[in-house]
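Please open the model in your viewer and keep the selection panel at hand. The tour below moves from one selection to the next and says what is there at each stop.

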Amino acid sequence: MNSERIDDVLKELIELLEDPFGARYIKPRVITLTEFDYFNDETEDKAGEQEDDETLVLSDWRIENVSSFSEVDHVVPIIATDAASVKIGETDRGIISAIRISIVGKSVDEEIKVLKLGPYVVHITEENKDDIYNYFREYFGVPEASPPALRKMPDRFRNFLERMAQRSICAQIENGIVLWDGSLTAGTIDTPRKIIDDSLDVAKRHGNSVVGVSKNSWLRLEDGTRIISLLDNVSAVGYIKVDRWISSFLRSRIRGNVFAVKFTEDGFTFRVDINPAEGISSEHVLNLLRSNVSFYNGYPYLLRLAHINAYFTPNEILAIQSYVADKFNLIFVRPFDVRRHILSPF
Amino acid sequence: MQLLRKVGDEIIIIYNPRKENVEVGENLKIYDENVGRGIVAQVIEQSLVDLTGILEDIVRHESMESFSVEERSPLDVIRYMTDVKNMKMARAKILKELTSTDGRLSISPWTGWIPDRNVSIEPLDDDELMKLLNLKGRHPMELGLTVYSRKPMYIDAFHLQGINIITGKKGSGKSHMGKILLLGLISHGARAIVFDINDEYSKLGFMAEGLDKKSEYYEKIVPLNPGENLYFTLEYIGLDVMYDVMTTVMGLREASAYTFRNIWSEIEKEGILTIDSLKDRADEERVQIAEAITRRLDQIEATNIIVDREGKTLEKLLERISSGGALIINLKAKDPVTIAITVQTILSKLRELLESGEKPLWIFAEEAHFYLSETAWDDIITRMRHLGAYQVYLTNTPTAIPQNVIRQADNIFLFHLSTQSDLNYVAPASKLDAQTIVPIAISLPPHRCMVVGSATNDYPIIIDTKPLHVRTAGETRLFFEEV
């Protein structure tokens, strides 16, 4: 798989990314090595923003028949990507994060290949956050802007790399399906519309359809009523196209058709956004996807693999903490949680 | 290396195998400079640190075996991640305590004190350890090289004056160690009687290159072949030994044994104690008794171990090695009667000699359970040891050694044993628990040995036995020639 571009960008940036900027101390992230845990701060760092981006506000919504899938006897290449970021610790100058990207591809002859890029370590400080932020904006051809608060920068950095990976995979297969983790909502707080639109153009030029699968999806009606899930009470597999009920404001930002999909009987329901290739319908892409990949609890297996190969385990975080402390001669400062001291044992 | 925790008399140490390495059996010095105190611990087990995240990594990796996974990662980061994944832990037994007095370290039994976590942990050089343990003493004997820093390991022959056990699987090198000890003792002027069940010691008087070259031990090694150049008169053997052989080895029943004893006493008084006179007198008894005694005397006569003319005496034989040496009693392929008469006569005479002030000597007994009765063991262990008959037992079947011998052992030379029950059985001889010696003993390759006991100040030391320049192997007849 060809992902040299991401490598090249990071090589170009590496001096900036790993500059200690005179930091002397690191307060490492607290990790527990004896219990299983996996880390991807994306869900934590952008919880609020993600909810805003991925919430479907439905108007005039009512239950209709669930459409069934059709078997498609046509094999297409499929490719997926995911990225994970994790805060390694805080220095006296900023935040050290690690990012890893994974790309998983399945060819028409069923061969699965996994490419892992990283972990890349980045030390984001007040001194370099502007340069890093605008380097990527320039890369994507969007105007310079003020970077967000330092604490939000690790996730912005992850997001830029993930967007680069998404664009890269749009060109890596022909006439296939490109799977993204998340929605196809453009113009979000971290992703200007142009970035999504340009990537979708790349996909189109290669005859690919782009499918965004959101692990989380928030549904509510215009009056604020929450709907837990559209298909949870439906035992059969199928999908509902919810485009028509999405509020017009949100609809204008989503780059594709939106479905609530239950791929397998025992699986969960996911929000699936589809931007189809020229000449085919979103429903056909959905059927193609279901016929060409396996699912794990209703989630596309290739995306699952991408996720599995991106997230961090506690021992990896520990290793990266040692790496940065050694490389930058940083002194470990014991993490101190004031809440434990004032609220303990409750 | 970092000290993680202490559990009982063991400590757990974490280390990065890329930067440091420890081996099972290696000694660690854990020393706190600030308080001038430390401990010495011996690594008894090493393992990988089991972290849940690592399990996740491994499962992830294994589950994707059918896929090709390409990783493009900055090499430095990967190295650290690999380090964490491969981080090892070592379990070490605390064996001694170190104390600094006026800048000089001394070693003493562990009092239970442990250092803080931020102490230095480093491998303890074998020379330094052996110096602290004061192993060499006034009568140094080199046994081999320490496994880790390849330093010559000496013990003081003084500490072999007791019960010593050499055990290990066949081919592990225990007989070789027996010869090292024997020659070491001879070099210090000591004397020994070797019950050589495989004829492995009789050629020690020759160089390894061939039987045409004498070694420096030539005059000190006296090979004795029962029935050939080792034979005794009945008078010298004595009634007790003969009676015991006739009853226990040859199965003479009580009534016949009673008659035999009477006949013996009468003939002895008459001064005509020979096999023929015993048989003649037995013929005068009831037929069944006469036949029982005569048949057994015929068997004994056929061994050629008994002569009417002047026989050998232990006194005379010991004179030949008065300045140090060994009587090698070759028991290979000898019948049980010959073995019993030979061993019991020698032990019985030795006891008498020691009681009358004979200088102490060593008994080397290979696979002693083949020829020592329970009573004989008891006698050797209790009475004779205190009279100056020090013992070296060599066996590949440690469970055949009575437990009271094991418990009274002063030193054990432990070679590879693969059976847990064997290791549990011999553990008391080492004064260490089975948990300590099992992981070490199981991982010992041939000719590597753990020495522990008074000779090592009760500190287990692992060595590779030194080669000997003399002829050591027994001569086993082979059908196939070695290539």
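A residue is called buried here if 20 or more other C-beta atoms lie within 10 Å of its own, exposed if 12 or fewer, and partly exposed in between, with C-beta atoms placed from the backbone. Helices (H or I, at least four residues) and strands (E, at least two) are DSSP runs, numbered from the N terminus.

This is a predicted model, in which local features need pLDDT of at least 70 and side-chain atom pairs count only at pLDDT 80 or more, while totals for chains, interfaces and linings use all residues. Residues are numbered from 1 along each chain as its sequence is written, and chains are lettered from A and ligands numbered from 1 in the order in which they are written.

**Stop one: a strand in chain B**

Select chain B, whose secondary structure comes to 15 helices and 19 strands, and of whose 483 residues 43% count as buried.

Strand 16 of chain B (residues 389-395) pairs with strand 11 in the parallel sense over 5 bridges, and within strand 16 the bridge partner of B:Ile165 is B:Tyr393. Strand 17 of chain B (residues 411-414) also pairs with strand 11 in the parallel sense, over 4 bridges, and there B:Leu414 stands opposite B:Thr167.

**Stop two: a helix in chain A**

Switch to chain A, which has 11 helices and 15 strands, and of whose 346 residues 47% count as buried. Select helix 8 of chain A, residues 282-292: because 8 of its 11 residues are buried, helix 8 is largely enclosed by the rest of the structure. The buried residues of helix 8 include A:Val285, A:Leu286, A:Leu288 and A:Leu289, together with A:Asn287 and A:Arg290.

**Stop three: where the chains touch**

How many residues does each chain bring to the contact? Chain B brings 23 and chain A brings 26. On the side of chain B that touches chain A, helix 1 (52-63), strand 5 (68-72) and helix 2 (75-85) each supply at least two residues, and helix 2 gives the most, with 7 residues.

Finally, select helix 10 of chain A (residues 314-327) with helix 2 of chain B, whose axes come within 8 Å and cross at roughly 130°. That angle makes helix 10 of chain A oblique to helix 2 of chain B. Axes are lines fitted to C-alpha atoms, for helices over the stretch in contact, and angles run from 0 to 180 degrees between N-to-C directions; angles under 35 degrees count as roughly parallel, over 145 as roughly antiparallel, 65 to 115 as roughly perpendicular and the rest as oblique. Among the residues that meet here are A:Leu318, A:Ile320 and A:Tyr323 in helix 10 of chain A and B:Val77, B:Tyr80 and B:Met81 in helix 2 of chain B.

How values were computed. Two residues are in contact if their C-beta atoms, placed from the backbone, lie within 7 Å. Two strands pair if DSSP finds at least two bridges between them.
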